[in-house]
Amino acid sequence: MPETRHRFKPLHLTLYTTCLSLTLLLSVFYLTGARPLEFFNLKTFDLVQKSLSLPPPLQEVTIVEIDDNSLRRYGQWPWPRYRLGQLLEKVNQSAPAAVGLNILFAEKDRTSPAVWQDSLKKDLGITIESSIIPEKVYDHDVYLAEVLADGPFVLSYEFLFGTQQPNEFKCTLHPVNVSSQGTKLDDLLEIYKADNVLCNYEPLSNSVTGSGFLNGAPDIDGIVRRLPLLISHDKNYYPSFSLALLIKAMRHNLVIADQGDFKTHFLYLYDKKISVDYHSEITLAPYVADAGEKISAELVMTDQFSPELFKDKIVLVGLTATGLNHFFRTIVSPQTSLIELHRHAIHSLCAELQTIREPFFRYSETIACFLFTVGLLFCILRYHWYVSVSYCLASMGIGWMASVVAYQMSGYLFSPLLISVSLIANCCLLLMIKFHYSQREAKIQAGQALMQLKNSETSLRSILNTIPDIVFRLDSKGKIVYLSPAISKYVNSPKLLLGRSIFDLVAPQDLDKAQFRLNERRTGSRATHDLEIRLLLPGENESRSDFRRFFSVSSQGIYEDAPSEQSFLGTQGIVKDITDRRKLEQQLLQAQKMEVVGNLAAGIAHDLNNILSGLVSYPELLLKDLSVDDPLYGKIQVIQRSGIKAAAIVQDLLTLARRKADTSKVCSLNTIINDYLHSIEFSQFKETYPDVALEVELQEGLPNVRGSAPHLSKIVMNILLNGYEATTLDGRISISTSNVCLEEPYVGYEVIAPGHYVCAQFSDNGMGISEDDLNRIFEPFFTKKTLGRSGTGLGMSVIWATVKDHHGYIDIESTSGVGTVITFYLPATDQQEIYDTATSSIDDFRGSEKILVVDDIAEQLEIADSLLSSLGYQVERATNGEQAVEIVRKTSFDLVILDMIMPGGIDGLETYRQMREINPGQRALIVSGYSESNQVVELQRLGGGSFVQKPYSIEALARAVREELARDPGVQ
């Protein structure tokens, strides 16, 4: 007995902790207004509100619609305002309590004779006889203003937020007197403040004694549930359109704000109590059984109405014609017109039972949630699952009924959402945990019985259903007699494979291997393990019946008794899909190859570039002192060109490994191709293949691309090099460019996304590429070229890397013995190419400033000293970072040239940090044999200047030094 209690203690602790954590988490989300819960909470409120059907409203509201019939009879909107004045006169004759115009008159009436008479006279100097026009309607706005002044009319306007632009006309608004009982109004309500107002034409707004704003916004689900009643503007409080109509109807302009029980907020209009929230917003009432009557403006204009329709009622006049009406989603209807929305708002203000929803209601709901959840936890701990489920359903029902009753009796709007979600989540999770512990307890008690159960067919099938790999069984002749449900990923009906030979599914390339190993009779250590074969089983997203996927097969023979020829029953095993693993292995191999290239390039770049500095920089110094006629001049030029070519090879390796092509410049693909075709390098290469014809067709007006011209030129070079070497005698190579716009993905060698591209196509009639090689041509070091011909296996890899750096795509079509077509797509740009026409000589970069050169290699210090001294600069050297910092402490320098990598001490970045502590404005130039790294970027962020790649020429170094000395230290 004590042992049993000990085993159940972890269960109790787990249930307590899980229940508390889950309930607390849901409560936090609910109290903070998490968007998903808030969305469902609004839907919950709708359900609670729809449970109540209100009686007919205390204040009847009649709508006069300017509908499609009215427009067909009197013309399209906007009507001349004298006609609208006639409509309002007829309504006013029936003695309504208030008339609201749900129409905004933002400017003067352009159809008024007074307006167009002035316009004709001003624009054309023409005066039209207007004596026949009755004086009453000569100026429509004056006529409408007189009508509005003679009745209980209320005009609408709209407040603007976030704008201070002045209006064309002045606004005459009608504020409401707002006071509070015992508490300062600002402490009682947080009323929205408007920045500006979109109001009516001044003569019209001056003619009425009441007006109200139309502002309102939907909730996060797009449904309008709340409307503000007051908005503050220019130190006054203004009523909404519906509240202004109610004020006009009650002849009472004093609004009193007060707090009720539980700090609920109310507005009092005479003897009417209106429930609002903290922002003075009213929640719209639920569905009203008898909403009121509607009448077409056409019927009013033709006197086809009864005066009782308007007498002592609030009348709304607005547009409902097709194309002129605005619709809103409410809980009443998915399409509620604007005028219907305001009638709904008036009914909500006049309802005997108003909706009350205060922020602190959430805390009450959270407390109730915890109480119900504790009860659920008690049930789960003590009783069976069906008792817990019954308690959960009953508690949810109580929560919903309590919310409905509270709303129907007092208007308090409580939400049962948190209680329902918490009960359902806790019930499911806690029962699962209890079931898990029960299962574990059953396993402990079952012991040997569980082991016997595992040998049964039912248990075996349940286990097989959870295995993602295919479990199979063959008879003694190799026919399929069982396949686990995992086969459903590859065939629609697994039954179609039953009875077929397993070898019908094996790819022809692996058939011999499968026949030798699959239907074998060996067991134990001699059984088949991880046999890789290809099966004709398409995946879920592959429709071809001959699609080959890679599988790993492990199997062994099945015998009735001891292994023998007579007792052999068949073979059983498991098949694992390793197609994705093979692809990943190939990708890993590709990445490893690229990493080898990167490590190789990075390892030799620094030292090799330092060595090459002498071959690039010293010849340039020597050539300055020699005349062109000197016998040594040409030989030194050969040395310099050799150094530059060697540096370019190192830079190619770094580009391939680091993928650092600069794609920020605008360039022309036609220009790049033409420049290479007219280069000396291509002319020398073409002489090797005099029998190969070259055809060039470049489209005129081709858009530009953003990219690196040197890198794109290397693409052209490598593709042409491969094309020439692939063609035989009398071969042909063609180059063409085009402007392509893809409206949908194009599936070629790779999937090309839709977009606007500039394409370059290279075709030849050479030997072509086999299907197997076509999938490997972009792998580093893969080459089919024989010894003695050009190529290292990096050319196509450089093409792939460069195109991808330019966010482009490659398509290849090739047939062995026919030829190859290579097309690369680069995103087009509308920007124009910028040409640098400025020319400068080395004398433009001379100077006399003091420069400190920091490098750990003596030859580099000598090169930099010689180059800079020849330009007139005062140069001092430092062999490491520590020495450089000490020199800067004693002497100030106009510029420091920093090597980034200095083994054995602090590097260039740390050296510059310490220099900045001594001299915050210290200028620095960065040099390195490596490519531009993250350390270089960090140093530039601290205030360093541009980066110069070793080996550098005298012009490159001089230009960078001069630009850095001229740069404002505070500008990067």
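**Notebook: charged and aromatic side-chain pairs**

I looked up Arg 967 and Glu 964 to begin with, and both are buried, a term I use for under 20% relative accessible area, with exposed meaning over 50% and partly exposed in between (1.4 Å probe, protein chains only). Their side chains meet in a salt bridge at 2.7 Å, N to O; the term stands for a side-chain nitrogen of Lys or Arg within 4 Å of a carboxyl oxygen of Asp or Glu.

I note that this is a predicted model, in which local features need pLDDT of at least 70 and side-chain atom pairs count only at pLDDT 80 or more, while totals for chains, interfaces and linings use all residues. Residues are numbered from 1 along each chain as its sequence is written, and side-chain values use heavy atoms, with hydrogens and water left out.

**Salt bridges**

I searched the whole structure and found 26 salt bridges. One of them joins Asp 141 and Arg 81 at 2.6 Å, N to O. Asp 141 lies in helix α6 (residues 140-149) and Arg 81 in helix α4 (residues 81-92), so this pair ties together parts that are 60 residues apart in sequence; helices (H or I, at least four residues) and strands (E, at least two) are DSSP runs, numbered from the N terminus. Asp 141 and Arg 81 are buried.

I then looked at Lys 294 and Glu 340, whose closest N and O atoms are 2.3 Å apart in a salt bridge. Because Lys 294 lies in strand β14 (residues 294-296) and Glu 340 in helix α11 (residues 338-350), the pair ties together parts that are 46 residues apart in sequence. Lys 294 counts as partly exposed at 42% relative accessibility, whereas Glu 340 counts as buried at 18%.

**Aromatic rings**

I found 21 aromatic pairs in the structure, where rings of Phe, Tyr and Trp (its six-membered ring) pair if their centres lie within 6.5 Å, and planes under 30 degrees apart count as stacked, over 60 as edge-to-face and the rest as tilted. The rings of Tyr 157 and Phe 159 have centres 5.3 Å apart and planes at 90°, so this pair is edge-to-face.

Phe 361 counts as buried at 2% relative accessibility, and Phe 414 as partly exposed at 22%.
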